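Subject: Structure for you to look at

Hello,

Please find the structure below, with the sequence. My notes on what turned up in it follow.

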Amino acid sequence: MKQPSALPNRVAYTIDILVALVLVVAVGGNLAANTWTFNVPIPVWLAWAATGACAIAILLRRHRPVTAYSLALTTLIPASLAGGGLGPAAALATASALYTTALEYPRSRSLIAMGAGLVVVAFLEFLQLGPSTLASTALAGGGVAGSWALGWTARQRQSNLALLAESQADQAVSDERLRIAREMHDVVAHSMSLIAVKAAVGNHVAKEQPEEAREALRIIELTSRETLVELRRMLGVLRSGDGTPEVALGPSPKLADLRTLVERAGEAGMRVELTGEGVDELPEGVALSVYRITQEAVTNVWKHAGPSVCRITITEGPGEVSVEIVDDGRGEGATSTTGGHGLIGMRERVAVYGGDFEAGPRSAGGFRVFARLPYAVKEVGTR
């Protein structure tokens, strides 16, 4: 399979045109001035034809490398025998075409082309036997092999760059899938936990306390609608393909939305105390991570802690923000500090910023989650 040229096509073709033009002007000027003495008398038109063939080979080498190389190699034989400046011109065209052949074709095929060039060079050198034939043959052969080596090296470099780009693209896709899975988990797990709690309450008191049952249904309806909005926002991002939502479906949650999160938890029957939600403006990604970490921790309290008090403390320092979520519940099912997608998601969010994360049971009872997220001050826009 052919590899793309290292240079943008337009620039590369412009260079070839300039090289071909310089060659025709330089060689043609000497032919017109009759300044060269040829080893073998040849008609002027044949010398001009050889010059044109060299120029055509240079112009053609990016479109048809093998054809250009064959034309240049065929021209090299009479040009070298005639002498003058035709030999160097044909050698330049041959080397350029061989370089492109090695660049764009597999090694086995380009090696055949190099072998043909070595045979022609050896043939031409031995036609002119002399005391320096061996040295000149080695020099000419080295030129042919060097042209091939440069082209093959460039091909390998392009192949490595392509593999690297593919690997980076795969990693980007994997990272994006992980991000989406994390967001989906945070949204769905939080909302479904609240819905499950209120559904259980409504089912339990439906007959004896219909007013409380209706309140549970109201919270379930409200939570469901909010969850649908968030899911549509994320699906809109996925459909657009470039990270830009197709339609405006609302901004990502921010620290200011923690108060609403606390109110929802209170409606579900859990006492939550929030301190420090009024910290200075944070970078959008950091603020979202703090919100999602808090949301997931509160969700875990609902699911595992039983009746409890949950305390959320947010602290801002120079270039960092910390959040601590502590409860005094019984901690059922929360003895593991590593299992479960929730804790994994929180740890991954912190790792993105190179911060610190701790999660585990407290000696006095309950569970504690702590996260510290450092960030560059320049990430924050003008306040």
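The largest nonpolar core in this predicted model has 34 residues. Those with the most contacts inside this core are Val290, Ile312, Ile314, Val323, Phe357, Val369 and Leu373. Both helices and strands supply it: two or more residues each come from helices H8 (258–267), H9 (284–305) and H10 (341–352), and from strands E1 (271–275), E2 (309–317), E3 (320–327), E4 (356–361) and E5 (367–374). H9 provides the largest share, nine residues.

On the strands, E5 is the one I would look at. Six of its eight residues are buried, so E5 is largely enclosed by the rest of the structure. E5 pairs with E3 in the antiparallel sense, over eight bridges; within that pairing, Val326 has Arg368 as its bridge partner in E5. E5 also runs antiparallel to E4, to which six bridges join it, and here Phe367 of E5 stands opposite Pro361. E4 and E5 form a hairpin with five residues between the two strands. Gly365, in the turn, has a positive phi of about 105°.

Last, the annotation. The unreviewed UniProt entry marks residues 12–36, 42–60, 72–99, 111–127 and 134–154 as "transmembrane region". I checked two of these spans against the model. What is the secondary structure over residues 42–60? The chain there is 89% helix and 0% strand, with the end C-alpha atoms 26 Å apart. Residues 72–99 are likewise 89% helix and 0% strand, but in this span the end C-alpha atoms lie 12 Å apart.

Regards

Key. Residues numbered from 1 in each chain as written. Predicted model: local features only at pLDDT ≥ 70, side-chain atom pairs only at ≥ 80, totals over all residues. Heavy atoms only, no water. Core = buried A, V, L, I, M, F, W, Y, C linked by side-chain atoms within 4.5 Å. Buried < 20%, exposed > 50% of the residue type's maximum accessible area, 1.4 Å probe, protein only. Helix = DSSP H or I, 4+ residues; strand = E, 2+ residues; numbered from the N terminus. Pairing = 2+ DSSP bridges. UniProt positions renumbered as here; feature names shortened; annotations may be inferred.
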